[in-house]
Amino acid sequence: MMYLGVAIFVGFLTLLLLLWTWNFTYWSRKGIKGPKPSVIFGNFPTYLQRNLVYDLDEQYKKYRGIPFVGIYALRSPMLLVTDPEFSRQILIGKFRQFYNNESSQMLSLKSDPIIGLNPFFLRDEKWKNVRQEITPGFSNNRVKAQFPIIQTTCHKMINYLRQYVKTHGTTVKVAELSRRYTNENLMNCIFGLEGDAFIEEAGLSLKMLKDYLDAFWKIDYFLVFSFVWPTFNKIYKFNVLNRKLKIFFEDMLRHGMEFRTKQSGNRDDFLAFLMHIQEKKGATIDEMVAHALTFILDGFETSALVMDSVFYELTRHPEVQEKLREEILAQSTLLTYENVCDLPYLDQVINETTRLYPPILFLIKQCNESLSVEFDDGQGTKTIPKGAKTLIPVYSIQRDPMIYENPEKFYPERFNDGAVKDYKDKGVLIPFGDGPRICLGMKFAVAQIKMAIVEIVKNFRLTLGADMKEPLTLKKAFFGLPMQDILVNFHPISQK
């Protein structure tokens with residue numbers, strides 16, 4: 001009987017193993033080569049130890065040059081793009097075949113009627129219609145009109161920092177500072193209300209925005225579940241926005257609109273845009289909240305991540321910091337939207353930072369119809385099947401040694417003399433995506449990042465905190481979050 005029990009147990013384990021690995025020949029059956037998967041983790045052997053982009057980077061470098069290879073995320077087959085030119089084709093040239101994000105499988109308008117209206121998650125014609133509706137809210141003119149709000153927030157931040165240094169010392173966790181800053185901007189621009197983010201015990205809005213972003217960790221769970229069970233996303237849809245958050249943002253929007261109708265004057269911010277949509281198209285409160293949260297998703301966490309990385313690199317490269325300070329101080333004391341946008345070295349610093357630390361580490365696109373792709377310099381073709389998940393490794397492309405000399409080095413001067421346009425035209429500088437689905441809030445994000453850097457560098461000399469642990473590594477997350485706290489010393493510069 002004991003032998004029979006052992007035999008049954010071994011047979012059961014064998015059956016489980018066969019069920020787990022049955023699709024590990026998926027790509028070879030289609031004539032698409034790729035690395036051999038391990039039994040448990042597929043082509044992410046260090047998945048439990050570190051962010052998956054590190055395993056992706058190793059595969060990218062190994063197969064660099066051909067359009068794509070077949071890999072397995074745990075047991076889910078997907079294609080890894082290993083040629084930057086083909087990634088550009090996916091985002092722009094062959095957009096018709098790849099217009100849906102894989103994340104659009106995560107939820108639906110039925111499972112989450114508010115987040116489901118975010119263009120990042122929408123599919124097909126619905127995505128196109130909503131994107132067209134809200135794109136004017138992110139125009140250059142509207143960002144310019146909101147610049148005085150950003151300036152006011154910067155003044156609050158500088159006053160807060162000066163007081164903080166006096167009472168707590170010079171060392172600051174920049175993640176906390178940057179999120180107070182983006183919170184204050186967004187509460188003013190979206191809801192027309194004060195966020196109270198620079199009060200020592202920050203207001204409720206900062207907590208709610210953090211809770212909102214925390215809800216997006218469900219993206220990571222969704223990816224894991226779909227990696228383990230490839231058909232998971234066809235059966236289950238997430239609800240991101242819980243009832244407490246939904247009520248909070250609805251209340252903020254109603255209060256902002258009520259306050260705005262009692263005010264004199266015309267403030268051309270995002271709230272004014274939302275009220276225009278309501279008046280012109282009869283938008284529901286859910287639709288307006290959905291558009292507001294789209295703005296928050298683009299303007300809160302991603303902007304803060306870029307700021308964190310800029311301050312970190314400025315501490316490590318004092319020569320860059322000083323050169324940037326000289327450029328800023330050469331401007332007139334009255335900073336305008338135009339002259340802040342016209343600081344070439346500031347542009348170079350931001351481009352180099354987002355190259356090394358893209359806020360979103362990779363993009364996963366869904367192939368909407370089968371597509372033949374040339375291989376071997378046109379001597380053959382491979383077919384991407386309809387429904388295939390196609391992963392663009394933003395992190396790897398932007399650190400590719402065949403594109404960027406000394407790619408691990410922070411060197412803003414690499415973007416001198418209009419080089420940034422050349423890199424973007426080649427599809428190798430894509431921190432905010434590219435093509436028709438490029439980040440909607442990019443212009444606003446860059447504007448608030450620039451103004452914050454200008455004011456910080458003008459008023460403080462930055463050094464690395466003594467307790468800062470290096471090198472910087474990434475958390476296991478969809479966003480490019482550092483594993484450790486970035487600690488920066490803010491040394492006040494006396495103003496003449």
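Predicted model: local features only at pLDDT ≥ 70, side-chain atom pairs only at ≥ 80, totals over all residues.
Residues are numbered from 1 along each chain as its sequence is written. Local features need pLDDT of at least 70, side-chain atom pairs count only at pLDDT 80 or more, and totals for chains, interfaces and linings use all residues; side-chain values use heavy atoms, with hydrogens and water left out.

Select helix H7 (residues 147-168) and helix H21 (residues 442-459), whose axes come within 10 Å and cross at roughly 35°. Helices (H or I, at least four residues) and strands (E, at least two) are DSSP runs, numbered from the N terminus; axes are lines fitted to C-alpha atoms, for helices over the stretch in contact, with angles from 0 to 180 degrees between N-to-C directions. The contact (heavy atoms within 4.5 Å) includes Phe147 and Ile150 of H7 and Phe444 and Ala447 of H21.

Next, show the largest cavity, with about 500 Å³ of space. A cavity is a set of points, on a 1 Å grid over the protein atoms alone, where a 1.4 Å probe fits but cannot get out; lining residues have an atom within 4 Å of a point. Of its 30 lining residues, Phe120, Asp298, Ile360, Arg437 and Cys439 are the closest to the centre. Helix H14 (285-299) gives the most to this lining, with three residues.

Finally, go to the second largest cavity, with about 130 Å³. Among its 12 lining residues, Glu102, Ser103, Phe120, Ile364 and Phe478 are the closest to the centre. Helix H10 (218-228) and strand S5 each supply at least two lining residues here.

Definitions and conventions:
1 Å grid on protein atoms, 1.4 Å probe; cavity = no way out; pocket = protein on both sides within 12 Å on 5 of 7 lines; lining within 4 Å. Points joined across faces, edges and corners; volume = space filled by probe spheres on them.
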